[in-house]
Amino acid sequence: MEQTADLSIWFNTAYLITGILFIVGLKYMSSPRTARMGNRISMAGMAIALAATFVQGIIQWYVILGGLVVGAAIGIYSARAVKMTAMPQMVAIFNGCGGGAAALVAMGELMKQLQAANGQPLGYDLTITTMLTAVIGALSFSGSIIAFLKLQELMTGRPITYPAQQVVNGLVLVAIVVCSGLVIANSADPNTLLYFSVALALTLVLGVLFVLPIGGADMPVVISLLNSFTGVAAATTGFVLNNNVLIISGALVGASGTLLTLLMGKAMNRSVTNVLFGAFGAVHATAATGGKAKQVEVRSLTPDDVAAMLAYANQVIVAPGYGMAVAQAQHSIKELENLLEKRGVEVKYAIHPVAGRMPGHMNVLLAEANVPYNALYDMDDINPEFERTDVTLVVGANDVTNPAAREDKTSPIYGMPVLNVDKSQNVIVLKRSMASGFAGIDNPLFEMPNTSMLFGDAKKSIDAVNTALKQL
């Protein structure tokens, strides 16, 4: 007995060290300069937790080892094979796996405890945390799967709505609460597992119904919110298993995901409830039917024209968007930056908080191309610079540069903070076509007299501009 107590102290100490390393790692990941070190510190914490769990022998060692091998293989393959453009999808699917794992752990622990109780009721502390873990985890799992399908464009990114949708969601939620209450109130009932299974199945359905009416333009916010759900599910799993490291790590993920969700909602000037229930991203009357290109008068340039404009500018701002990610143009843009700086042109990057399809998407891509961190400017810091900028290069960004958000009260994005690129002396938009962005609305920026278009794949276009610059 005394030896068991001594071992328990060692295991709890290892988990405490893990929690501290997670917190320190998260702190380091708050800045691009120290993010890699933060990842390494967090990895060290996870290694300690895995080692402690392995030695503790909660289940057979070969089961743990098998899980480690399979999980590590999937993680290494994903990290090497998945392109940066598909990173939001990978984040969504991995996040869903975390929620699903929490739900399965809750199910397994409930079955184990019911069998051990032999017809006697379980404590409220166990049943409440078990139901919370199962419901939140299952909601995160199915919701993340739908987010993945939308981001991967395996299903439409537009909101999918139908009459009385919120009423249906409300009824499903009530049924989940009732079934969960039956499990909690009378766990000695022979039908407890049936009630649990019904609650779990309905939660999976609710997760699907929850994300279907949310448009693709709001996916960064949804991913952050679902990530926080998974964190909460992990924390409640810690209470179910009496595991401190799960409680600490889950609370960290849940808190940071919630904070990020609120910050991104603020960046869009919209509440989280409006994101979840506003069906934003639908095709509006002002948008081209079926997402097709609207026939408007625009000025088109050649790469030689763009090179000449950039070469004789004093300051150039690059405003990247998802189009840059699709074209993998970040390395070409970095080369462009080098060529312009040799000519004495100052180059800055304007980063909108929700540009791309996940939080920090543009920062990650540009860091991959070794763009200096001090050249990346947040929206609030860069917006005053546009009025004294000679040329702004909009690379695949659409909705985050739409001036209708400031000027058109009938626009669905009215009030959303945007990059004030239209205030530059000259704006060059790199785009494949005149099709609307992910939000499904037109961008009047393209028709402004100081705006010109450079049509085509962003990487090929930038490469052509770089070639022209070298010849000037």
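Me: Where do E337 and K334 lie?
Reply: E337 and K334 both belong to helix α13 (residues 330-342), where they sit three residues apart, about one turn of the helix. Helices (H or I, at least four residues) and strands (E, at least two) are DSSP runs, numbered from the N terminus. An α-helix has 3.6 residues a turn, so residues three or four places apart point the same way.

Me: And what sort of model is this?
Reply: It is a predicted model, in which local features need pLDDT of at least 70 and side-chain atom pairs count only at pLDDT 80 or more, while totals for chains, interfaces and linings use all residues. Residues are numbered from 1 along each chain as its sequence is written, and side-chain values use heavy atoms, leaving out hydrogens and water.

Me: What is the mean pLDDT, then?
Reply: The protein has a mean pLDDT of 85, and 90% of its residues reach 70 or more. The term pLDDT denotes the predictor's confidence in each residue, from 0 to 100.

Me: Are E337 and K334 buried or exposed?
Reply: Both E337 and K334 are buried. Buried means under 20% relative accessible area, exposed over 50%, and partly exposed in between (1.4 Å probe, protein chains only). Other buried residues of α13 include I333, L336 and L340.

Me: How many salt bridges does the structure hold?
Reply: The structure holds eight salt bridges. One of them joins K348 to E346, whose closest N and O atoms are 3.9 Å apart. K348 is buried at 8% relative accessible area, whereas E346 is partly exposed at 41%.

Me: Which residues are linked with E346 and K348 in a network?
Reply: E385 and R388 are linked with them in a network of salt bridges.

Me: What about R406 and E407?
Reply: The side chains of R406 and E407 also meet in a salt bridge, at 3.2 Å from N to O. R406 is partly exposed at 26%, and E407 is exposed at 52%.

Me: New topic. Which residues touch the most other members of the largest nonpolar core?
Reply: Y349 and L393 do, in a core of 40 residues. Helix α17 (residues 458-471) gives the most to this core, namely five residues. A nonpolar core is a set of buried Ala, Val, Leu, Ile, Met, Phe, Trp, Tyr and Cys residues joined through side-chain atoms within 4.5 Å. A second, separate core of 25 residues includes V400, V418, L419 and M453.

Me: Last one: where is N383 placed, and what does it touch?
Reply: N383 lies in the loop between α15 (379-382) and β4 (391-395). N383 is buried, with 14% relative accessible area. Not counting residues up to four places away in sequence, N383 touches V418, L419 and N420; such a contact means heavy atoms within 4.5 Å. A polar atom of the N383 side chain lies 3.3 Å from the backbone oxygen of V418.

Key. A salt bridge is a side-chain nitrogen of Lys or Arg within 4 Å of a carboxyl oxygen of Asp or Glu. A polar contact is a pair of N or O atoms within 3.5 Å; within protein, one must be able to donate a hydrogen and the other to accept it, and residues adjacent in sequence count only if both atoms are side-chain atoms.
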